[in-house]
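Thank you all for coming. I would like to walk you through one structure today, slowly enough that everyone can follow along on the screen.

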Amino acid sequence: MNKKNYVLKRIGHSVLTLWLILTLNFFLFRMLPGDPLRLLFTDPRVPLEVLEKMRVQYGLDGSLLHQYGKYLLNTLQGELGMSFVYNMPVSEILVERLINTVILLLPATLLSILLGCLLGIVAAIKRGRASDFICLSLSQLLWATPAFWLGLIFMMLSSGFLPLSGMTSAGMTFDSLWAKGVDLMKHMAMPMCTLSLVMLGQYAIVMRNSLIDVLTEDYMVIARAKGLSHVRQLFSHALPNAVLPVMTLAALNLGLLIGGAIQTETVFTWPGVGRLVFDALLRRDYPVLQGAFLVISSCALLANLLADLFYKLIDPRIEY
Amino acid sequence: MTGVFRLKVFPILKQINKKGMAGMIILAVLVILAVLAPVIAPGDPREMAGVDEIMLPPGWDHWLGTDEVGRDILTLVLYGTRISLLVGFSCAAISIFIGSVIGLAAGYFGGRVDDLLMRLTDLFVVIPRLPLVLITVAVLGPSLVNTIFVIGMLIWAGTARIIRVQTMSIKKRLFVERARSLGAGHLHIIRRHILPNVMPLVFANTVLVIATSIYLESTVSFLGLGDPTHISWGMILHYAFVSVALTYGAYWYVIPPGVMIVLTVLSFTMCGYALDEVLNPRLRRRK
Amino acid sequence: MKKRTVALMVCMTFISLWMAASICMAAKADGVLRVGWTQEPRTLNPMGYDTIQGGMIMRSMIYDTLVAYDETLEPAPMLAKSWKVSDDGLVWTFDIVTRAKWHDGRALTSADIAFTYQYILDNEIPNFINYLKGVEKVTAPDPETLELTYTAPIASTLSDLSNIFIVAKHKWENIAGDGAVKYENASPLGSGPFMLEVWKKNDHMTFKVNKDYWRISPSIKQVVFVFFSSPDPMIMSLKQGDIDVIGSELTPVAARALSRDSKIKVVKTPNLYYRHICINCSDFGQGHPALRDARVRRALTMMVDKEYLVKMIHGGFATPGVSLVMDALPFYFNDDIVPYAKDADRAAALLDEAGWQMGKDGVREKDGNALRLKLLVISRWPEEMRAAEMIRQWWKEIGVELTLQSADGGTILAELFPDYKHDMYLWGFSGQPDPNFSLLIYLSSQLQKWNGAGYQNAAYDALFAAQQKAVDPAERQQIIYQMQEIHYRDCPSIVLYYMKAVGAYRSDDLEGFYENTPGGLISFLNRDNFTRLRFK
């Protein structure tokens, strides 16, 4: 099977998985006990006629199959329903929240990759010695630390000189973009540190292992024989090859990153998708949960697909 | 099959590296603490004290201080060990069972069955774990049984993949071919030839799955979907957060449960990696 | 090596620049009040299904009402500057202020008020229809006069009218009645002291002052409600000065943490709010049959040591409950009622009398049924689960086995309506300055609506109708006293505690709070809640 066929097959798999996600998403929320509409209108004064009208409006009438069909059609058109709690379209809320989450996640991921790689490089170079042991242990320790707990610890330590919640200071007007940016950075500092620290463990380990592999390859022996300095060996020959698994790991990790984001955003009250999911869970806002779940899973699916294709396509060692 | 185990246990133990040994020792201590919790705990987890005993810092009466209703935190943490270990082992049992069945079936039968099962596995690998667990527990209602059930049902994918690969490689070996040609049935082959060679791998993986389960349960409990009638470390942290422990400065409320989670997950992980190094034929080559 | 050092130096420079800049940025905007809150409203549609929080914001910020409560919770003039009643008590005439304006500049006249009431009556808007009970005719003979004609005198008229927000005729005459409830109302048009500027859902809500407000000129220029998902970050923000006030959500631990700070003042006020265990007494529902017997309910009530719960769980931030009228309404609260003392022997005797004999396993039984009950505990307040656990242990002493289940509001309501499947549930109840609403929830006519206990008592219903018509306060008081006695004997619910509202604010920055008005620092019942606040 050649490259093109492989790519097509892989995309086909992803489409199938997407359909499975949609179906799981639909049936998951139908497992509720009781009438979902009663959950929506918790005020007992609602007259029955109004409830019936709401039932039609929220698409909760008709047989299960009928609802499923409607759901698939609507979702593919980007219509994700109305939030029970915020009384506005789910898609609107999600877009806003996603942007906020990306603002937090992107720097956090970059930082964790950077720090993780540093640790991994040190561990690989000093392999077998004390520094290796320390770096590895540190990575494993951070990996075992729950993101929410680390967040709580940071909150305790930094109370007083850093804002502890939100993305911006409420009620303040900023005259310049610079001032706004600084305010944002102040709010972002703690959540970003938390997220980076819990994620860097695996980058460190992967970087270490793949670098160790690379350092024993033939072309590295040749580079050493050529008399290149250690640093040049590292940066121009070893790293580029070792970096590949790290990058694909970053993409595959999106799922875990979302989990970390939910915890961090909840603890630090960051107005992103994670906190939205948490609040929606508390208030049983099912349309939002359904929409968020779909978006999150689709992003993870896409990241997986891209990482897989990228890895397989550019790594010359893999056969099809 | 038991014969296989009896033969190999001691050599395996000898090969486990230092970190793995440390992990096993810590785990043994945890299990002892969990079992003996009702005996050694200084207080009663259900007993609530008066207003004067709320949020006391660590002292002679309460080594880890008290919480917002006056309960001794050391007691809570000790009882939490039971729940966390219970959750870890139960979830792992469920997920190993499902993962093994699926992995074995996919690897052994191959073809369409493999394709189908792999699509299913892909689904659970791709979907972000925490949101899925949270939403399912929210829908089913927060209770210990539900949490265990949901976590177990959603994390088998990694196990399935590992077992599938191993099964496929074993299947290719000569003695399986010979058994087939002699007319042995599928079940017989799986039981006598494949399982014994897959089991060690499963064992190493189980330990890692336990670590993941404990981690997940603590997060779910912290976010408010834990079972309020059972104390786990995550629940303790949830109550700490909800009763404003941070503003109060109650470091004794926040630090111990988290340290326990880290310690437990870390030791399971270290054991898991150590066992994996010993038992996984592919990894042995790297050293 | 060189590359690494360069990179390191660049990073250090950035970090130091950033820190320097942030230290210079310490200034705070003037005249902006930041309120921390964990309950975000669902909508700002006055006709729609709002939660209590939404109603609160609309009442004190955006809209005016005909009459309003002052800081002693007595009805006081608002859009109506004076009023009189005809001798037969059937016709109320209100004089409307002349200077009131809508936020868009148009004048507010009695036509708007008449339109609002007529709209509610015509479309049976569920939020408000009960407050216009008995209204036969609404007329606006001239722009400064409003007339309401009733079919029978209603004692709580002024109180009821203070709950209805007045909306603009020129806006709402274009909104069809059957769409009123779902209407999003993204730009509310009111006549109140503040206007909605921005609402970022799940984040914050900003109001700016209405400079042309007819009644008073608030000193605060902007009010920002900052929404938090959990109390800890909110309280830390108050401590750090990122917000200025928390109205009423502090727990005893939080209060203790904050009182150590000299810049913050913690204020405890009475509240029109209690938590109760509502028991399913209905004979048509699916609850445990034992609960239909008042003696069983009384025995259960007897075994709940409310003093103990108040001490243990609420650290003195509540008072033990007894009657369905709150102790914050001293005129109507029947303090002659002596709360049941915790008495296991008496309780056991009551159960024996009701035919429930102690079984071998410590659980009472009758006709083959065991006395096993289930209590649904609202999940929003984890401390109540602890109370429930204590109650479980007390009830075990008299042979009642109780299972606990944590449930959110939706789940509880699903159990309640329409089949009354529950045994009992623990929840909160918010009352109003007029006791009418507190009494209403046990009426037979409120089955499937507010009557979660399924209680049906013709005598009680009759007394309710009587107190509604009793225009003489002393007469009304006596009737309400009697109703409380009935509730006390029949125990359709166990009133656990009347909660106090505990709030906190930065006292070295702010002043002007009403610290004695029931409802907390942000008591939305008090019409001057935000209007008299000042920064020092």
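**Chain C: a helix pair, the fold, and some backbone details**

Let me begin with a pair of helices in chain C, where R295(C), V296(C), R298(C), A299(C) and M302(C) of α8(C) come into contact with R346(C), A347(C), L350(C), L351(C) and E353(C) of α10(C). Please keep in mind that what you see is a predicted model, and that the values I quote are computed from it. Helix α8 of chain C covers residues 294-302 and helix α10 of chain C covers residues 344-353, and the two pack at an angle of about 165 degrees with their axes 9 Å apart. An angle over 145 degrees counts as roughly antiparallel, and α8(C) and α10(C) are therefore roughly antiparallel to each other. Their crossing, for those who like to look at handedness, is left-handed.

Stepping back to the whole of chain C, we find 15 helices and 24 strands. The radius of gyration of chain C is 26 Å, which is close to the 24 Å that the globule rule gives for 536 residues, so chain C is as compact as a globular protein of that length. Its C-alpha trace spans about 85 × 80 × 40 Å along the principal axes, and buried residues make up 52% of the 536 residues in the chain. If we take the contacts in chain C with a separation of 6 or more, 69% of them are between residues 24 or more positions apart.

What about the interior? In soluble globular proteins, nonpolar side chains tend to be buried together. Here the largest nonpolar core has 320 residues, and those with the most contacts inside it are A292(A), L134(B), V35(C) and L375(C). Leaving aside residues up to four places away in sequence, V35(C) touches several partners, among them V223(C), F225(C), I243(C) and I522(C).

Finally, the backbone. Most residues other than glycine have a negative phi, and most peptide bonds are trans. A cis peptide bond, with omega about 0 degrees, joins F417(C) and P418(C), and P418(C) is found in the loop between α12 (409-416) and β20 (424-430) of chain C.

Methods:
Residues are numbered from 1 along each chain as its sequence is written. Chains are lettered from A and ligands numbered from 1 in the order in which they are written. This is a predicted model: local features need pLDDT of at least 70, side-chain atom pairs count only at pLDDT 80 or more; totals for chains, interfaces and linings use all residues. Helices (H or I, at least four residues) and strands (E, at least two) are DSSP runs, numbered from the N terminus. A nonpolar core is a set of buried Ala, Val, Leu, Ile, Met, Phe, Trp, Tyr and Cys residues joined through C-beta atoms within 7 Å. A residue is buried if 20 or more other C-beta atoms lie within 10 Å of its own, exposed if 12 or fewer, and partly exposed in between; C-beta atoms are placed from the backbone. Two residues are in contact if their C-beta atoms, placed from the backbone, lie within 7 Å. The radius of gyration is taken over C-alpha atoms; the globule rule is 2.2 Å times the number of residues to the power 0.38. Axes are lines fitted to C-alpha atoms, for helices over the stretch in contact, and angles run from 0 to 180 degrees between N-to-C directions. Angles under 35 degrees count as roughly parallel, over 145 as roughly antiparallel, 65 to 115 as roughly perpendicular and the rest as oblique. A crossing is left-handed if the near helix is turned anticlockwise from the far one by less than a right angle, and right-handed if clockwise.
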